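Q: I have just opened this one and have never looked at it before. Could you walk me through it, a piece at a time?

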Amino acid sequence: MSATAANRDLPGIYHKAGSLRAERRWAMWTAYASLIVAAVIFMAPPFYMLVTSLKTSGEIAGMAGNPWIVREPTLENYWAIIENPLFRGFMLNSIIITACVVAVTMVISILAAFALARMRFWGSQMLATGVFLTYLVPDTLLFIPLYQIVGGLGLLNSIWGLVLVYPTLTVPFCTWIMIGYFASIPKELDEAALIDGATWPQMLLKIFIPVALPGIIAATIFAFTVSWAAFVYPTAFVTTPDQMPLTIGVVSQLVRADTFAWGQIMAGALMAALPPVIIYAFLMDYYIAGLTAGATKG
Amino acid sequence: MAQVSLRKIVKAYEGGVQAVKGIDLEIDDHEFVVLVGPSGCGKSTTLRMIAGLEEITGGDIAIGGTIVNDIPPRDRDIAMVFQNYALYPHMSVYENMAFGLTLRKFPKAEIDTRVKAAAEILDITPLLDRKPKALSGGQRQRVAMGRAIVRNPKVFLFDEPLSNLDAKLRVQMRTEIKKVHQRVKTTTIYVTHDQVEAMTLADRVVVMNHGIIEQVGPPQELYHSPATKFVAGFIGSPAMNFIPARLEQASGALVLALPDGIRLNVPEARSARYAAHAGREVLFGIRPEHLTDDKPTDKANPAPLTLTPEVIEPMGMETLAHFRLDGAEISARLDPATPAEVGVPLRLIAHMDQMHLIDPTTDKVL
């Protein structure tokens, strides 16, 4: 205190008023306030689902009291849905579809991205842009022509039809992420590998895939989320409960005529949402690193 | 190990820009050749064509007597060290060095022996388990060299390997590279823009400019007998002084008439060589180290001249003085004890036995 105070009093030295700390504090408050508002808005629906899923049918139907509070918590909805063979079927379908779609997507998009990012060939730039443009066509538009194609292949009302069409949603974006990630790998690395004796496939397997692992994980999570949560395509292409994934199974089959089993629907939806949440929680750091890779690396 | 021959090598890019304009070069077995030149002179492109990383537009490249124009890099039996090291970030030092051998399906024991021997030579044995990001710049450079050595290739290619290191480390690694070559004796082609690196490392230096070879020769030869004005100015630091002058015949002897009425006698030994150019405009080239302060010298043919310093730079072991003579910048190396002052005329000695005359129309040294 003495030193700075003394300096401030020196003749000819003007001390301009201001406080870095105050500015920073103000920025922090603004950030916290807006984040809290955002968190409340986004967390309210899942919280309401949780609350509803813990209520009995009677309590859900009852109009009295605050709907955000559970008076007699029960897990009966969860037991009911777990023991429901239909729900188990939906879960199994979702798992099969997603596993296949993720595998197909990653194989296609890694190979495509490697070729587009590294093997300079005629039209590769245009192709890369074209791949991304296909991502801009919404599935709500795409399902009409796809219905013809899937029907023509005899795959309507089959999970294999879904495995075939989901990659139209996942491959373009995953390829795009991977192109960015591969492009951030220094050119000298492939040249060194070429001189060391690697063939193109060896270079991809031994250098590019390990080095780009964060990007690959990010793309995998994306493909997983998209195919787990897909709604339009299964709604359009699947009609019988035995072929339905969770997303449409829960909302269509747990309704008996005009009776909505709200507790079970909420419990089912929450359980359906669980796998992505778990995966995000564990792989979030990779996901962010993957999405921002191109931005920070030279 | 092998000879490398370049015959009429041309590299042209789309749009007709020629980076390399038909160069010829023969490199002997075990030789250490340095390609040096300013950026854009085609030296790196030449090296990359030898490596097989760039296609050749015209001409032939032969390694060990075999023309390799259309052979992929992996089958050329070469190893390359890159400017930014290009180590595989996900592999340990050991795996980085072993990678090339693993791909070539060498037996594990053989790989182990070779990696450990190379690590020994480069003094990186304690680092073998580390990942590249846990290494300093100098250590990474050693690993990159190790990766080349274990392969025991016919030719080593170095592409500005020291440019990313700080000045002190660069000098140290330069010595290191020379030591390695003395032990391993593989034919080496080394690209740099730094003439000091070129002079200190090379058996022969290849000076390139604008896609052509200006001169090839041992370092001392380039220093003492440059063939062109470019080589004369590029080799040596500070660079050679070029002063416009007129070669005159005066009472049987040749005299250089410089601006400001300065006249320097050309040594008799050079008379025959320069006689044909008497009466013509020339460029007088003399290195700063051959333009010193006026004190008794054992060197032959001292010629006195007086110039006024514009800038004085004391370096410790010597003092550099900069002058201006009719628009030409001139530097001289002075004894640090000389009391030189800006603006005070200083008497200098030009050591005329080290002079060069350049034909200003062709830029060739006469």
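A: Gladly, and a place to begin is chain B, where strand 1 (residues 4–12) and strand 2 pair in the antiparallel sense over seven bridges. Within that pair, B:Ala12 stands opposite B:Gln18 of strand 2 of chain B. Please keep in mind throughout that this is a predicted model.

Q: Okay, and what order do the strands take in that open sheet of chain B?
A: The open sheet has four strands in the order 2-1-4-5 of chain B, with antiparallel pairing. Its edge strands are strand 2 (18–27) and strand 5 (66–67) of chain B, each of which pairs on one side only.

Q: Which way does strand 3 of chain B run against strand 9 of chain B, parallel or antiparallel?
A: Those two run parallel, with four bridges joining strand 3 (residues 32–36) of chain B to strand 9 (residues 204–209) of chain B. As a landmark, you can find B:Val33 opposite B:Arg204 in strand 9 of chain B.

Q: And how many bridges join strand 9 of chain B to strand 10 of chain B?
A: Five bridges join them, and here the strands run antiparallel, strand 10 of chain B covering residues 212–217. B:Val205 faces B:Gly217 of strand 10 of chain B across this pairing. The hairpin that strands 9 and 10 of chain B make has two residues between the strands, and in it B:His210 takes a positive phi near 50°.

Q: What about the hairpin of strands 17 and 18 of chain B, which residue has a positive phi there?
A: That residue is B:Gly316, with a positive phi near 105°, in a hairpin that has four residues between the strands. Strand 17 (residues 311–314) and strand 18 (residues 319–325) of chain B pair in the antiparallel sense over four bridges, and B:Pro314 stands opposite B:Thr319 of strand 18 of chain B.

Q: Zooming out, which domains does the assignment give for chain B?
A: It gives domain 1 (4–234) and domain 2 (241–358) of chain B, and the C-alpha centres of these two domains of chain B lie 39 Å apart.

Q: And how is chain A divided?
A: Chain A is divided into domain 1 (19–74) and domain 2 (84–296), whose centres, taken over C-alpha atoms, are separated by 31 Å. Seven residues of domain 1 of chain A are in contact with six residues of domain 2 of chain A. On the side of domain 1 of chain A that touches domain 2 of chain A, the elements giving two or more residues are helix 2 and helix 3 (57–61) of chain A, and helix 2 of chain A supplies the largest share of that side, four residues.

Q: Helix 2 of chain A again, then. How many residues has it, and what does it reach from end to end?
A: Helix 2 (residues 20–53) of chain A has 34 residues and reaches 49 Å from its first C-alpha to its last, which is close to the 50 Å expected at 1.5 Å a residue.

Q: Which residues touch the most other members in the largest nonpolar core?
A: Of its 165 residues, they are A:Met178, B:Val34, B:Leu157, B:Ile189 and B:Val206. Helix 5 (residues 85–118) of chain A provides the largest share of this core, 12 residues. Leaving aside neighbours within four places in sequence, the contacts of A:Met178 include A:Ser109, A:Ile110 and A:Ala113.

Q: Last one: is A:Thr129 buried or exposed, and why?
A: A:Thr129, which is found in helix 6 (residues 124–135) of chain A, is exposed because it has 11 other C-beta atoms within 10 Å, and a residue counts as exposed at 12 or fewer. The C-alpha atoms of A:Thr129 and A:Trp176, 47 residues apart along the chain, are separated by 8.9 Å.

Technical notes
Residues numbered from 1 in each chain as written. Chains lettered and ligands numbered in written order. Predicted model: local features only at pLDDT ≥ 70, side-chain atom pairs only at ≥ 80, totals over all residues. Domains from an automatic or database assignment. Pairing = 2+ DSSP bridges. Core = buried A, V, L, I, M, F, W, Y, C linked by C-beta atoms within 7 Å. Buried ≥ 20, exposed ≤ 12 C-beta atoms within 10 Å, placed from the backbone. Contact = placed C-beta atoms within 7 Å. Expected span 1.5 Å × (residues − 1).
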